[in-house]
Amino acid sequence: MFTFLLWLILLVLCWPLALLALLLYPLLWLLLLPFRLVGFAVGGVLALVAALLMLPARVLRGPALR
């Protein structure tokens with residue numbers, strides 16, 4: 001909502017720039033999508049490595065008391 005309000009202010013102050021931003025935003029989102037997917041993949045791999053490193057401690061600790 002805050003971004004939309006900023007865009008409305010830009011539309012009032014400089015409408016050609018606001019329309020250009022409106023047209024370029026989807027293209028920028030598409031260009032950055034592969035980096036976002038790589039970030040998710042790297043996060044998943046790091047979580048897997050952390051789980052594998054913590055596995056011996058979890059096994060030695062035994063069953064959790066419930």
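The legends below describe close-up views of a predicted model.

**View 1. The whole chain and its overall dimensions.** The chain contains two helices and zero strands, and its C-alpha atoms fill a box of roughly 65 × 30 × 10 Å when this is taken along the principal axes. The radius of gyration of the chain is 23 Å, whereas a compact globule of 66 residues would have a value near 11 Å.

**View 2. The surface of the chain.** Of the 66 residues, 2% count as buried. The chain exposes about 6300 Å², and carbon and sulfur atoms supply 83% of this area.

**View 3. The packing of helix α1 with helix α2.** Helix α1, formed by residues 2-13, and helix α2, formed by residues 15-61, pack at an angle of about 140°, and their axes lie 5 Å apart. Because angles over 145 degrees would count as roughly antiparallel, this angle makes α1 oblique to α2. On the α1 side the contact is made by Trp 7, Leu 10, Leu 11 and Leu 13, and on the α2 side by Trp 15, Leu 17, Ala 18 and Leu 22. The residues of this contact divide into eight nonpolar, no polar and no charged.

**View 4. Leu 55 in helix α2.** Leu 55 is found in helix α2 and is partly exposed, with a relative accessible area of 44%, a value that falls between the limits of under 20% for buried and over 50% for exposed. Leu 55 and Val 42 are 13 residues apart along the chain, and their C-alpha atoms are separated by 20 Å.

Conventions:
Residues are numbered from 1 along each chain as its sequence is written. This is a predicted model: local features need pLDDT of at least 70, side-chain atom pairs count only at pLDDT 80 or more; totals for chains, interfaces and linings use all residues. Side-chain values use heavy atoms; hydrogens and water are left out. Axes are lines fitted to C-alpha atoms, for helices over the stretch in contact, and angles run from 0 to 180 degrees between N-to-C directions. Helices (H or I, at least four residues) and strands (E, at least two) are DSSP runs, numbered from the N terminus. Angles under 35 degrees count as roughly parallel, over 145 as roughly antiparallel, 65 to 115 as roughly perpendicular and the rest as oblique. Contact means heavy atoms within 4.5 Å. Ala, Val, Leu, Ile, Met, Phe, Trp, Tyr, Cys and Pro count as nonpolar, Asp, Glu, Lys and Arg as charged, and the others, Gly among them, as polar. The radius of gyration is taken over C-alpha atoms; the globule rule is 2.2 Å times the number of residues to the power 0.38. Buried means under 20% relative accessible area, exposed over 50%, partly exposed in between (1.4 Å probe, protein chains only). Accessible areas come from the Shrake-Rupley method with a 1.4 Å probe; for residues, only the protein chains shown count as cover.
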